[in-house]
Amino acid sequence: MIRGKIVVVTGGRRGLGRVIIERLLENGARVIATSRSWKMDESQSAPEEGEMVRLPLDVSNPEQVRSLFSWIETRLGTIDVLINNAGVGHFLPLDETTFEQWQEMISTNLTGPFLCTQSAWPLLKNRGGGRIINMGSISGNIPLPNNGAYGASKFGLRGLSFIASEEGESVGIRVTLLSLGAVYSDIWTDRDGFSRDDMLPSSAVADAISYIVDAPLSHRIEELKLWPPKGVL
């Protein structure tokens, strides 16, 4: 049952994050949504069922991550689910990828989930378990051209997810890698040669997230692959 569950969603301002949050709220979750672009509002209180609070977070910043989960612990005591959704992508050949782009993708797509998982872990462990959902990619399963840095970050996230799943088994923490093929969102706005009709709708991702969040902790869902009919576009 999703109603009443406390769910943290990183990268919640737009795209898939916003769609996921909307679905969770429809089902009565208590959502803590984060984004780098939001400002801290000290007047915000803990969300009730079907409500959301917006908090600033750069997932690659250890201090900000610790501060976020300290806020959550003080006001809510615990969480039920962490969804590591924040991500960035620059789709270029390796020899055209700058060091700054490499750093941005690794720090956001891989270091960010590590830091958030590390801070969420004691809250989940102390409540007797919970779920962590990492937003993976087909690029973490199949080596694709023009995906060097992005694919490396997602291959890394794949390893992190499976290791965390093993470590969480004894304390009831279930970690799921949701491996996505092409899903239509604003990430495709500036990319030529891709048809919206060949992609999954973002609502399909919200369906998958709802299924995982709703599943009892006795169900260990290691990985869920959600790809469009074409597979690789």
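The model is predicted: local features need pLDDT of at least 70, side-chain atom pairs count only at pLDDT 80 or more, and totals for chains, interfaces and linings use all residues. Residues are numbered from 1 along each chain as its sequence is written, and side-chain values use heavy atoms, with hydrogens and water left out.

The structure holds eight salt bridges (a side-chain nitrogen of Lys or Arg within 4 Å of a carboxyl oxygen of Asp or Glu). Three of these are listed here.

| Pair | N to O distance |
|---|---|
| Glu26 and Arg23 | 3.8 Å |
| Lys230 and Asp198 | 3.2 Å |
| Arg220 and Glu222 | 2.6 Å |

Salt bridges with shared partners link Arg23, Glu26 and Asp207 in one network. Lys230 lies in the segment after strand 7 and Asp198 in the loop between strand 6 and helix 5 (202-214), so their bridge ties together parts 32 residues apart in sequence. Helices (H or I, at least four residues) and strands (E, at least two) are DSSP runs, numbered from the N terminus.

Helix 4 (residues 148-168) has 21 residues and reaches 30 Å from its first C-alpha to its last. Its buried residues (under 20% relative accessible area, with exposed over 50% and partly exposed in between; 1.4 Å probe, protein chains only) include Tyr150, Lys154 and Arg158.

Asn85 is found in the loop between strand 4 (81-84) and helix 3. Asn85 is buried, at 13% relative accessible area, and its side chain reaches the backbone oxygen of Gly11 at 2.9 Å.

Definitions and conventions:
The expected span of a helix is 1.5 Å times one less than its number of residues. A polar contact is a pair of N or O atoms within 3.5 Å; within protein, one must be able to donate a hydrogen and the other to accept it, and residues adjacent in sequence count only if both atoms are side-chain atoms.
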